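The sequence and the structure are shown first.

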2 protein chains.
Amino acid sequence: MAKPNVKEQIVTSSLELLHSKGFNATSVQDITEAAGVPKGSFYNHFASKEALGLEVLQRYVDAVGTLATVLHDAALTPRQRLQQYFDGMIAGNAANDFQHGCLLGNFSTELSNQIPAMRSAMQAAFDGSSAQLTAVIAAGQQDGSIASALPAAELAGFVNDAWQGAVLRAKAEHSRAPLERFVRVVLDRLLT
Amino acid sequence: MAKPNVKEQIVTSSLELLHSKGFNATSVQDITEAAGVPKGSFYNHFASKEALGLEVLQRYVDAVGTLATVLHDAALTPRQRLQQYFDGMIAGNAANDFQHGCLLGNFSTELSNQIPAMRSAMQAAFDGSSAQLTAVIAAGQQDGSIASALPAAELAGFVNDAWQGAVLRAKAEHSRAPLERFVRVVLDRLLT
């Protein structure tokens, strides 16, 4: 009978590895070594590396989701919610010196064309964050603090994608600058 | 003595493979099989898969660079240049049914943290496209057709990154929609 804590050790260790090295550059042996568990134990818990990748992606999306709770904070204005949300996302990238990028974005470019189940999970994750941004932008359009020239869903989809592009560039530059530029252009210009 | 056409066959075949499958998922054997050349011939032409990757990236950047010539077409207004440039980029993505993404973006997420020489090449490529966009946006700001609320370089850097994000999302969705949304928001709203 597989011990639950072995599975948890594998997921936790591989989240760090897959985020920093990518999916295909990380072997099952890399993962079991990092987790400090026997290589053979991997397949007691996961049918494949793909199955682990899906679980790690969900874990990551859930963690980012906790940052998104500020988007629902009625004590803040819609603009304050957006500012604090992206400040939190920038802090997340700063924690690895802007070197790892977004696991969701990394997997999107590396695996969308390789693993159909991964692509479905990534689409769902993007749809989820777009929907949350749509609600905040719509609230700002209703109270007049965010420009209404384009529909909230259109702006939110664009902003969600543009964030991924800024993170991609930050990873290529190992720099915070693209993320701060994103916030300035989105909040001071696009949504004003 | 290595035959030049073998090298060219390897570069051409691997551009397609590396674009569709990614760097780490493509082996030297995959490349030599696709090129129809003996596996041993690879190392007559390239010191490593990384060295080939750098050459393929440069080939790709040069090809995209030909699309960017429209950005310098003085017969068009700055807005027309931007529209035609991004129309051309969308057509490039349509050629593989929005499944491959941008090789530069793919390598940025997959390899920025793995291969320092690749990261330098990617930074140079991003700086090059940002500079070209800066010049067009500055021209539009001078003739009054593009909003001047933010500096041209700030807008251009943001737009360049946002394009990468839109391509990333298009790859995750296998869809043209994020790219068309990008053009609408950038041309009809951000730069208006």
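Is A:Phe46 buried or exposed? The relative accessible area of A:Phe46 is 4%, so this residue is buried. The model is a predicted one, and the values below are computed from it.

## Chain A as a whole

Chain A has nine helices and zero strands. Read from the N terminus, its elements follow the order α-α-α-α-α-α-α-α-α. The C-alpha trace of chain A spans about 60 × 35 × 30 Å along its principal axes.

Chain A has 192 residues, of which 53% count as buried. When contacts in chain A between residues at least 6 apart in sequence are taken, 64% of them join residues at least 24 apart.

## Aromatic pairs

Over all chains, a search of the whole structure gives 17 aromatic pairs. In one of these, A:Phe42 and A:Phe46 have ring centres 5.4 Å apart and planes at 35°, so the pair is tilted. The angle falls between the limits of 30 degrees for stacked and 60 for edge-to-face. A:Phe42 has 0% relative accessibility and counts as buried; A:Phe46, at 4%, is buried as well.

B:Trp163 and B:Phe182 make an edge-to-face pair, because their planes stand at 70° with the ring centres 5.2 Å apart. B:Trp163 belongs to helix H8 (residues 152–173) of chain B and B:Phe182 to helix H9 (residues 177–190) of chain B, so the pair ties together parts that are 19 residues apart in sequence. B:Trp163 is buried, with a relative accessible area of 4%, and B:Phe182 is buried at 0% relative accessibility.

## Aromatic cluster and charges over rings

Which residues of chain A and chain B form one aromatic cluster? From chain A the cluster has A:Tyr85, A:Phe86, A:Phe158, A:Trp163 and A:Phe182, and from chain B it has B:Tyr85, B:Phe86, B:Phe158, B:Trp163 and B:Phe182. Two of its members, B:Trp163 and B:Phe182, are the edge-to-face pair described above.

In chain A, A:Lys49 is placed over the face of A:Phe23, 4.4 Å from the ring centre. In chain B, B:Lys49 is placed over the face of B:Phe23, also at 4.4 Å from the ring centre.

## Contact between chain A and chain B

How many residues does the contact take from chain B and from chain A? It takes 48 residues from chain B and 48 residues from chain A. About 4300 Å² of area is buried between the two chains, and carbon and sulfur atoms give 54% of it. On the side of chain B, the residues B:Phe158, B:Leu168 and B:Arg189 supply 17% of the area buried against chain A, more than any other three residues. B:Phe158 is also a member of the aromatic cluster.

Eight salt bridges are found across the interface of chain B and chain A. One side-chain salt bridge joins A:Asp161 and B:Arg181, with an N to O distance of 2.8 Å. Between chain B and chain A, 27 residue pairs are in polar contact. The elements of chain B that give two or more residues to the side touching chain A are helix H1 (4–21), helix H6 (103–111), helix H7 (116–142), H8 and H9. H8(B) gives the largest share of that side, 15 residues.

## Loops and backbone angles

A:Ser175 sits in the loop between helix H8 (152–173) and helix H9 (177–190) of chain A. Its C-alpha atom is separated by 7.5 Å from that of A:Asp97, although the two residues are 78 residues apart along the chain. Leaving out residues up to four places away in sequence, A:Ser175 touches A:Phe98 and A:Ala170.

Most residues other than glycine have a negative phi. In chain B, B:Asp97 has a positive phi of about 55° and is not a glycine. B:Phe98 likewise has a positive phi, near 60°. B:Asp97 lies in the loop between helix H5 (78–94) and H6 of chain B, and B:Phe98 is placed in the loop between H5 and H6 of chain B.

Terms used:
Residues numbered from 1 in each chain as written. Chains lettered and ligands numbered in written order. Predicted model: local features only at pLDDT ≥ 70, side-chain atom pairs only at ≥ 80, totals over all residues. Heavy atoms only, no water. Phe/Tyr/Trp six-rings, centres within 6.5 Å; stacked < 30°, edge-to-face > 60°. Buried < 20%, exposed > 50% of the residue type's maximum accessible area, 1.4 Å probe, protein only. Helix = DSSP H or I, 4+ residues; strand = E, 2+ residues; numbered from the N terminus. Lys NZ or Arg CZ within 6 Å of the ring centre and 35° of its normal. Contact = heavy atoms within 4.5 Å. Buried area = accessible area lost by both parts, 1.4 Å probe. Salt bridge = Lys/Arg side-chain N within 4 Å of Asp/Glu carboxyl O. Polar contact = N/O pair within 3.5 Å; in protein donor to acceptor, adjacent residues only side chain to side chain.
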